[in-house]
Amino acid sequence: MSTLQLSPPQVNTANPDWEAVRALVADAIGGRGAGGDALPAQPSPSPSPSGEDALMEEAAPEGDQTEWQEYTGLNEPSPADPGRQVGTDPSDLDALCP
Amino acid sequence: MAAEEDQRDQAPARPSTGRALLWTVASLPLPGVAHLRMGLRRAGTVILGAYLLGLAGIAGWAVWIGLHDTSAVAVLASLAVQNRWLTGAMVAVFVVTVLWLAVIVHSWAITRPVDAPVGRRLLGGAVVAVLCLTVALPSALALHGGYTTQRTLSAVFGAPQPGDEPHDAADPWNGAERINVLLLGADAAQNRYGARTDSMMVASVDTETGDTVLIGLPRNLENVQFPPDSVLAERYPAPYGFDDLLNEVYQTVTEEPDVLAMNPTVADPSADTLKTVIGYNIGLDIRYFAMVDMMGFRDLIDAVGGIEVLIEEPIPYGVHGGVLEPGLRRLDGHEALWYGRSRVGSDDYGRMGRQGCLIKYVAEQIDPGTILTSYRRLAGATERTLSTDIPQAKVPAFIELATCSRAPGR
């Protein structure tokens, strides 16, 4: 079981680009075909090319910072809340939930 | 009767009261042995033969299930949610129970001494009554369970909607590769007006493998779009559009269902409309919705005996200083509700993540066996809180999908 959350940083909830949201969802579900079981265990380190235009405007990735670090400016590489998914690719809930 | 009397003429003499009771007791696990003992060979052979044949049939079915690598409990659960199987099972239980009771009573009648003192007759009658209760009580519980299940299924799951494709048990998803279901958690507290769908997720399930992707929608999504030909689109035209959050769409439709609902004739026009609106916005054909209110979720978790959660960091909740302490803990309904609801020291997105974890924990821990063993409390909670447009005919297919999705790696 995997999850894609239409929340920041991948989606601007105050003004979502719905075309981009549809692209994210289509990628998340379409990518579950052959080889689709290989989900990232952790939030992806950088935005995936799919749906890129639709994402919130962000600065280019710096070094090996995670998307969460880029979004928050904090040192922690991923959110503290269990189950919180970050990035344009769905994440495996086994990895997100202890 | 004449044949029976002929047989009885050649039968051994009736035993003492003690031995008669022993033969009667033996006819509980082996119906017909008392008849054989008393020379009623035809009756004894038929009764014992039918009984052993029934046992062999059940054993053969269990072996068949094992050979086909299928969960017997899942198969039972799938059968239990189909009215024809459930009714057939209830009729079978009733008939078998009546026959079994008749055999026990008759076993005593043909073995008891005819000239026993009143005291021994009363003792014999009491023992036979206890034997009958041993059979009747489990049967009564099974029949009550069947009745409860049937009532709950009828109350929660409806008939197919007009325009739905006909149900084909061999191809329940009509060839679709994925089935999408909107999962809603509504907050309808008594101290607040109306209901808000604070938890919204779309479960997109691969119909072949059960592999599931949960699409989480924050409650505070703005600028929700409506299908162009809908009354909602006319009511909230561009450029301003819908001037509220996504979690208010349900209540907005609830206030004017005859005007704003996509289909005012369905049981829950608001949830049905929200299903269509979310599907339109994220580009998915969402076939069904399932909604519980927050208090109902608490009751459902309590009904299955709680849920085990590993908490790594303390989760404060509420306004009274409650804290879910770290550790591997079995949360009751109240605690599980706060696990998925608390925003103290967190935010909407944090609790949305925890709600996804709750779905995973429930899917992993609440198996068909748990549902069957806690059916009474679960049926009551489900009937009170769950609303859905999933037709009853599709429930076995969903159970099969859930069984697939519980396989490792799904």
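**Exercise 1. Describe how helix α1 of chain A packs against helix α11 of chain B.**

Step 1: find the geometry. Helices here are DSSP runs of H or I with at least four residues, strands are runs of E with at least two, and both are numbered from the N terminus. Axes are lines fitted to C-alpha atoms, for helices over the stretch in contact, with angles from 0 to 180 degrees between N-to-C directions.

Step 2: name the arrangement. α1(A) and α11(B) are therefore roughly perpendicular to each other. The classes are roughly parallel under 35 degrees, roughly antiparallel over 145, roughly perpendicular from 65 to 115, and oblique for the rest.

Step 3: list the partners. A:W18, A:V21, A:R22 and A:V25 on the α1(A) side meet B:Y280, B:N281 and B:I282 on the α11(B) side, where contact means heavy atoms within 4.5 Å. Sorted by class, this contact has five nonpolar residues, one polar and one charged. Nonpolar covers Ala, Val, Leu, Ile, Met, Phe, Trp, Tyr, Cys and Pro; charged covers Asp, Glu, Lys and Arg; the others, Gly among them, are polar.

A note on conventions: this is a predicted model, in which local features need pLDDT of at least 70 and side-chain atom pairs count only at pLDDT 80 or more, while totals for chains, interfaces and linings use all residues. Residues are numbered from 1 along each chain as its sequence is written, chains are lettered from A and ligands numbered from 1 in the order in which they are written, and side-chain values use heavy atoms, leaving out hydrogens and water.

**Exercise 2. Stay with α11 of chain B and characterise B:D272.**

Step 1: B:D272 belongs to helix α11 of chain B.

Step 2: its relative accessible area is 12%, so B:D272 is buried. Buried means under 20%, exposed over 50%, and partly exposed in between, using a 1.4 Å probe and protein chains only.

Step 3: setting aside neighbours within four places in sequence, B:D272 is in contact with B:M262, B:N263, B:V266, B:F289 and B:D389.

**Exercise 3. Compare two helix pairs within chain B.**

Step 1: α2 (residues 17-26) and α7 (residues 118-156) pack at about 10 degrees with axes 11 Å apart. These helices are therefore roughly parallel. Among the residues making the contact are B:L21 of α2(B) and B:V127 of α7(B).

Step 2: the axes of α13 (residues 333-341) and α14 (residues 348-365) come within 7 Å and cross at roughly 135 degrees. That makes α13(B) oblique to α14(B). Contributors include B:W338 of α13(B) and B:Y361 of α14(B). By class, the contact of α13(B) with α14(B) has six nonpolar, two polar and three charged residues.

**Exercise 4. Which peptide bonds are cis, and which residues have a positive phi although not glycine?**

Step 1: a cis bond joins A:P8 and A:P9, with omega about 5 degrees, and A:P9 sits in the loop between β1 (2-5) and α1 of chain A. In chain B, the bond from B:A238 to B:P239 is cis, with omega near 5 degrees.

Step 2: B:N174 has a positive phi of about 50 degrees and lies in the loop between α7 and β1 (178-187) of chain B. B:N223 has a positive phi of about 55 degrees; at 25% relative accessibility, B:N223 is partly exposed.
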